[in-house]
Amino acid sequence: MLVKSAKFIISNTDVTKCPKSQIPEYAFIGRSNVGKSSLINSICNKKNLAKTSSRPGKTQLINHFLINENWYLVDLPGYGYARVSKTKKKIFQTFITNYFKNRFNLVSAFLLIDIRPVSYTHLRAHETRHDLVCRLLLE
């Protein structure tokens, strides 16, 4: 798919304030440092569409981006590495859960994982890191 246009629409913590249109949404979720925002920038070929940082936990809101005027990419806060209080993490968990429960136009959620921490010591003969990840996911 060719992304011809991409623009930021809204950020919020309340699912009732998400865009009211019924066009499809595709959400990215994953650990705080997995690169969800960077992936959105790459897909859209726009360096600064989604805000990124070297500090994990930059995304702390539900961020909607309108793609080609007919679907949304949604950047959700990460989990795990963000240096925020337990109270703040609980708030993230609550509004992300509400998002998944109440966004009926959510078509797919993509759980992004980072394979870099995978150790080569777990590789079988003639197995690539990709093969290892696939094997671990399927076991």
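## Reading a fold, one feature at a time

User: Which residues does Ile 23 touch, not counting those up to four places away in sequence?

Analyst: Ile 23 touches Leu 66, Asn 70, Trp 71, Tyr 72 and Asn 105 once residues up to four places away in sequence are set aside. Please keep in mind that this is a predicted model.

User: Where is Ile 23 found?

Analyst: Ile 23 is found in the loop between strand E1 (6-12) and E2.

User: Is Ile 23 buried, exposed or partly exposed?

Analyst: Ile 23 has 23% relative accessibility, so it counts as partly exposed. Buried would need a value under 20%.

User: Let's step back. How many helices and strands does the protein have?

Analyst: There are three helices and five strands in the protein. Reading from the N terminus on, the elements run β-β-α-β-β-α-β-α.

User: How should I read the sheet, and in what order do the strands form it?

Analyst: The general idea first: strands of a sheet pair through backbone hydrogen bonds, either parallel or antiparallel. Here, five strands form an open sheet with mixed pairing, in the order E1-E3-E4-E2-E5. E1 and strand E5 (106-112) are the edge strands, each pairing on one side only. From one strand to the next, the twist averages 20°.

User: What packs on the sheet?

Analyst: H2 packs on the sheet, where it touches E2, E3, E4 and E5. The direction of H2 makes about 145° with that of E2.

User: In what sense do E1 and E3 pair?

Analyst: E1 and E3 pair in the antiparallel sense, over six bridges. As a landmark, Ile 10 stands opposite His 64 in E3.

User: Is His 64 buried or exposed?

Analyst: His 64 has a relative accessible area of 0%, so it is buried. Leaving aside neighbours within four places in sequence, the contacts of His 64 include Lys 7, Phe 8, Ile 9, Ile 10, Cys 18, Glu 25, Val 74, Tyr 99 and Arg 103.

User: What is Leu 76 in contact with, leaving aside neighbours within four places in sequence?

Analyst: Leu 76 is in contact with Ala 27, Phe 28, Ile 29, Lys 36, Thr 59, Leu 61, Ile 62, Tyr 99 and Phe 100.

User: How do I read an aromatic pair, and how many does the structure hold?

Analyst: A pair of aromatic rings is described by the distance of the centres and the angle of the planes. The structure holds five such pairs. One of them joins Tyr 26 and Trp 71 edge-to-face, at 5.5 Å centre to centre with 90° between the planes. This pair links distant parts of the chain, with Tyr 26 in strand E2 and Trp 71 in strand E4, 45 residues apart. Tyr 26 counts as partly exposed because its relative accessibility is 24%, whereas Trp 71 is buried at 12%. Phe 92 and Phe 95 form another edge-to-face pair, at 5.9 Å centre to centre and 70° between the planes.

User: Why are Phe 92 and Phe 95 separated by about one helical turn?

Analyst: They are three residues apart in helix H2, so about one helical turn separates them. Phe 92 counts as buried because its relative accessibility is 5%, and Phe 95 is buried with a relative accessible area of 4%.

User: Finally, what share of the protein's residues is buried?

Analyst: Buried residues make up 36% of the 139 residues. Among contacts between residues at least 6 apart in sequence, 66% join residues at least 24 apart. The protein exposes about 9000 Å², and carbon and sulfur atoms supply 56% of that area.

How values were computed. Residues are numbered from 1 along each chain as its sequence is written. This is a predicted model: local features need pLDDT of at least 70, side-chain atom pairs count only at pLDDT 80 or more; totals for chains, interfaces and linings use all residues. Side-chain values use heavy atoms; hydrogens and water are left out. Contact means heavy atoms within 4.5 Å. Helices (H or I, at least four residues) and strands (E, at least two) are DSSP runs, numbered from the N terminus. Buried means under 20% relative accessible area, exposed over 50%, partly exposed in between (1.4 Å probe, protein chains only). Rings of Phe, Tyr and Trp (its six-membered ring) pair if their centres lie within 6.5 Å; planes under 30 degrees apart count as stacked, over 60 as edge-to-face and the rest as tilted. Two strands pair if DSSP finds at least two bridges between them. Axes are lines fitted to C-alpha atoms, for helices over the stretch in contact, and angles run from 0 to 180 degrees between N-to-C directions. Accessible areas come from the Shrake-Rupley method with a 1.4 Å probe; for residues, only the protein chains shown count as cover.
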